[in-house]
Every structure is written in C-alpha cells, then in structure tokens.
Amino acid sequence: MKKIIKNKNIIIIILCITIVLLSIGFALIAMKLNENEKIEKTYDVSIVRIQEGTAIKGGTTLPTGENSIINNGKTAELIFYLANPKDTLTYIITIKNNGNLKAKIDGLAESPDYLNNNNQANSILPVIINHNDIINQELNPGEEIKLTVTAEYSSSGQPMKKTVPYQISVLSSCME
C-alpha cells in the first residue's frame, strides 16, 4: 500500500514538473511570436547599380554611353553612342530585393520599346537592342539579379553616328 501511494506521489510530481516546463515553453514561444509581429514587412525591389560591360569597337572609335538610375531606383536610363558596323555596347543592370518579403519580376517596361514595336525598332536601324530574359524570376530578400542590355550596330549598316536613348523599368510584385 505504501508503495502504491509512493508511486502515485512520484507520478504527480512528474506531471507537475511537466506542466511547469510546458508553461515556460509556451511563454517563450509567445514572446518570439510577438517579436516577429513587431518586425515591419517591407517590399522594395530596385535597381541598385548600372555598370558598363563589354564595349566592342567596330571601327576607329570605341562605342560609349551614359547611364543613370531614375524614378526611385525603378528605371534605368541608358544612352548608347554607336558609329560603326559591329560596334557593341553592353550594360549590366543589377536589380536587388532590398525588402524582407519575397518578390517576383513580372515584366520590364521599355521606352521606346525597340524589341516589340517595329516602328520604334526601325527608327534606330541599323542598331539593334536586346536583353536577357528575367521575367518570372523570384528574388528572396537580399538577393540580386543581373539584367544585361546590349546595343549592337548591325554589320550590314553603313558607318554613321547613332545616338540611341533607352529606358527600362522593373515591374515586380510581392509573393507573400
């Protein structure tokens, strides 16, 4: 009989200790959840850097250009100066997710739209502009992606100075 009472007391003590430990664990989890709720969610996908890539000289002068980031980091403004067949100038645009939410690149808004509008494309002939496809790429917080824009003077064209303005904007959305 004393043995049964002793076993019951041990079980009650173990259960009491378990309840105390569980309540401490739940309190710690609740504190962590409150801290996470206080963190402000930010969404910010921006162009952070434009660097000149490869410049290939097709004639006597090296192709040059100008670049700037406008519209609060949403648009890259580029100007290409090409003069000879086979001139090529490349810019590497770095797009970064500066926020703490996951983002997706939905599209690129180009002005003038030399890739999809034949009238605009014909206005700069023999220069052809193209870029790599980054649409539908997902960016985790802090992650970067590179957009490479290339202006190429066609080898079939006649030498003449061409100034080609170009703007490209990043269209993105939050995934959370």
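This is a predicted model: local features need pLDDT of at least 70, side-chain atom pairs count only at pLDDT 80 or more; totals for chains, interfaces and linings use all residues.
As background, most residues other than glycine have a negative phi, and most peptide bonds are trans. The spots below include exceptions on both counts: a cis bond joins serine 111 and proline 112, and asparagine 71 has a positive phi.

**Cis peptide bonds**
- Serine 111 and proline 112 are linked by a cis peptide bond, with omega at about -15°.
- Proline 112 sits in the loop that runs between strand E5 (103–111) and helix H2 (118–123).
- Another cis bond goes from leucine 125 to proline 126, and its omega is near 10°.
- You'll find proline 126 in the loop between H2 and strand E6 (127–131).

- Asparagine 71 isn't a glycine, yet its phi is positive, at about 60°.
- Look for asparagine 71 in the loop between strand E2 (64–70) and strand E3 (75–82).
- Asparagine 72, also in the loop between E2 and E3, has a positive phi of about 55° despite not being a glycine.
- Asparagine 72 has a relative accessible area of 75%, and exposed means over 50%, so this residue counts as exposed.

**Asparagine 132 and its contacts**
- Asparagine 132 belongs to the loop between E6 and strand E7 (138–139).
- Leaving aside residues up to four places away in sequence, asparagine 132 touches Lys146, Leu147 and Thr148.
- Asparagine 132 and threonine 148 are 16 residues apart along the chain, but 5.8 Å separates their C-alpha atoms.
- The asparagine 132 side chain gets to the backbone oxygen of lysine 146 at 3.2 Å.
- A polar atom of that asparagine 132 side chain also lies 2.7 Å from the backbone nitrogen of threonine 148.

**Strand E9 and its partners**
- E3 pairs with strand E9 (residues 162–174) through 8 bridges, and the two run antiparallel.
- Within that pairing, alanine 76 has isoleucine 168 in E9 as its bridge partner.
- E5 is also antiparallel to E9, again over 8 bridges.

Methods:
Residues are numbered from 1 along each chain as its sequence is written. Side-chain values use heavy atoms; hydrogens and water are left out. Helices (H or I, at least four residues) and strands (E, at least two) are DSSP runs, numbered from the N terminus. Buried means under 20% relative accessible area, exposed over 50%, partly exposed in between (1.4 Å probe, protein chains only). Contact means heavy atoms within 4.5 Å. A polar contact is a pair of N or O atoms within 3.5 Å; within protein, one must be able to donate a hydrogen and the other to accept it, and residues adjacent in sequence count only if both atoms are side-chain atoms. Two strands pair if DSSP finds at least two bridges between them.
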